[in-house]
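Visitor: I have a structure to look at with you. Could you take me through the main points?

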Amino acid sequence: MSYVREERLIAGVNFLGELPVKLRQAVLLMDEKKPSGATLEDAETLAQYSGLVPGTTGFTDFTQRAME
């Protein structure tokens with residue numbers, strides 16, 4: 001976890017669910033995330049952690065970009 005605290009962690013993850021719970025929580029709290037090819041569930045989770053509200057244009061746009 002020290003890499004997370006030091007903001008030096010780079011991770012390629014296929015699904016958020018494949019991460020251990022503590023690491024998943026830490027990853028979701030990181031400021032810089034660049035989703036690509038995300039599942040709908042992961043894209044929606046990332047959108048919510050970015051402060052976007054479901055049902056809004058911003059939320060939809062974010063999830064669509066994350067799944068590309």
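Visitor: How many helices and strands does the protein chain have?

Guide: The protein chain has four helices and zero strands; both are DSSP runs, helices being H or I of at least four residues and strands E of at least two, numbered from the N terminus. This is a predicted model, in which local features need pLDDT of at least 70 and side-chain atom pairs count only at pLDDT 80 or more, while totals for chains, interfaces and linings use all residues. Residues are numbered from 1 along each chain as its sequence is written, and side-chain values use heavy atoms, leaving out hydrogens and water.

Visitor: What share of the residues is buried?

Guide: Of the 68 residues in the protein chain, 24% are buried, meaning under 20% relative accessible area with a 1.4 Å probe, protein chains only.

Visitor: And which residues make up the largest nonpolar core?

Guide: Nine residues form it: L16, L28, A38, A43, L46, A47, F59, F62 and A66. Helices α3 (40-49) and α4 (57-67) each supply at least two residues of this core. A nonpolar core is a set of buried Ala, Val, Leu, Ile, Met, Phe, Trp, Tyr and Cys residues joined through side-chain atoms within 4.5 Å.

Visitor: What is A47 in contact with, beyond its neighbours within four places in sequence?

Guide: A47 is in contact with L52, F59, F62 and T63, where contact means heavy atoms within 4.5 Å.

Visitor: New topic: what box do the C-alpha atoms fill?

Guide: Along the principal axes, the C-alpha atoms of the protein chain fill a box of roughly 35 × 20 × 20 Å.

Conventions
Buried < 20%, exposed > 50% of the residue type's maximum accessible area, 1.4 Å probe, protein only.
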